[in-house]
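Dear colleague,

Please find the structure below, together with its sequence.

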Amino acid sequence: LFADIVQQEGFTPVQFNATGEVEIRDGLSIFKKKRDEVKNTLTLNTGSERIQLLTGPNGSGKTFYEKGSVAAVLMGLATGYAPATYATMPIFDGVVYLDRVVERQSDEFSAFSQEVEYWKQLMPLLHSKKAVFAAVDEAFSTTSPSYQAAFTFGVVSEFLQSPHFLLLSTHNHDVVNHLESSQIPLVGPYHFQFSTENGKVQYQYKLQTGHETSHAVEVARTMELPEEITSSITR
């Protein structure tokens, strides 16, 4: 089955390296047909940038990019081929995708308790594994903004202690601003290209450098939330 997928989709052979470089050039997600996708390139390196902070509007492509990147890494490790025009990566001994909490494993857990349980599984890998590739969607969104910022800052700091890689999406702009102003090395903010027209969001889904806010009012208008609500917020 893998061989058929690799051949039919034209995946590229992965160049495995010992330098800690990750590049998936013109990457395509295995979860969507090629003609419906915008190609994006994932680039990380132990010496220049190991953490990408993904910001910007809901629906702009953050989660899709994270899931596609994790799938490309797993496909590369499993088969030696990746959905891209060029791919290089180290031999990861840990690959993690941490999604937003959508259900709880126990009725005794709050959403935040459940998220903490997930983090308790992820964080020990940073000490027991040599090279971890992790993607986290809307980290600590189950708690208040101030705690969300504090926990996110702590996680980023912990990842920087060892040569691991992290994609982390967030709508907490305070923590991104703080990380930028602190000029912490190896961390870079990114967003996906978009524009606003007539108070609504037009998505282009192309990865760009730099921090962007959530534009929640424009997204809500795009999703046709009643204008009585959105107009009251803009006033």
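**Aromatic rings**

Ring pairs link Phe112, Trp119, Phe140 and Phe151 into a cluster. Rings of Phe, Tyr and Trp (its six-membered ring) pair if their centres lie within 6.5 Å; planes under 30 degrees apart count as stacked, over 60 as edge-to-face and the rest as tilted.

Please note that this is a predicted model, in which local features need pLDDT of at least 70 and side-chain atom pairs count only at pLDDT 80 or more, while totals for chains, interfaces and linings use all residues. Residues are numbered from 1 along each chain as its sequence is written, and side-chain values use heavy atoms, with hydrogens and water left out.

The structure holds 7 aromatic pairs. One of them is edge-to-face, because the rings of Phe92 and Phe165 have their centres 5.7 Å apart and their planes at 90 degrees. This pair links distant parts of the chain, 73 residues apart: Phe92 is in the loop between β6 (86-89) and β7 (94-98), and Phe165 is in strand β9. Helices (H or I, at least four residues) and strands (E, at least two) are DSSP runs, numbered from the N terminus. Phe92 is buried, at 6% relative accessible area, and Phe165 is buried as well, at 1%. Buried means under 20% relative accessible area, exposed over 50%, and partly exposed in between (1.4 Å probe, protein chains only).

Phe140 and Phe151 form a stacked pair, 5.0 Å centre to centre with 25 degrees between the planes. Phe140 lies in the loop between β8 (132-136) and α5 (145-159), and Phe151 in helix α5. Phe140 is buried at 5% relative accessibility, whereas Phe151 is partly exposed at 36%.

**A buried threonine**

Thr170 lies in the loop between β9 (165-169) and α6 (173-181). Thr170 has a relative accessible area of 1% and is therefore buried. Its side chain reaches the backbone nitrogen of Asn172 at 2.9 Å. Beyond its neighbours within four places in sequence, Thr170 is in contact (heavy atoms within 4.5 Å) with Leu54, Thr55, Gln148 and Val176.

**Strand pairing**

Two strands pair if DSSP finds at least two bridges between them. Strands β4 (residues 49-54) and β10 (residues 186-197) run parallel and are joined by 5 bridges; the bridge partner of Glu49 in β10 is Leu186. Strand β11 (residues 200-209) runs antiparallel to β10, with 7 bridges between them. The bridge partner of Phe194 in β11 is Tyr203. β10 and β11 form a hairpin with 2 residues between them, and Asn198 in the turn has a positive phi of about 55 degrees.

Yours sincerely

How values were computed
A polar contact is a pair of N or O atoms within 3.5 Å; within protein, one must be able to donate a hydrogen and the other to accept it, and residues adjacent in sequence count only if both atoms are side-chain atoms.
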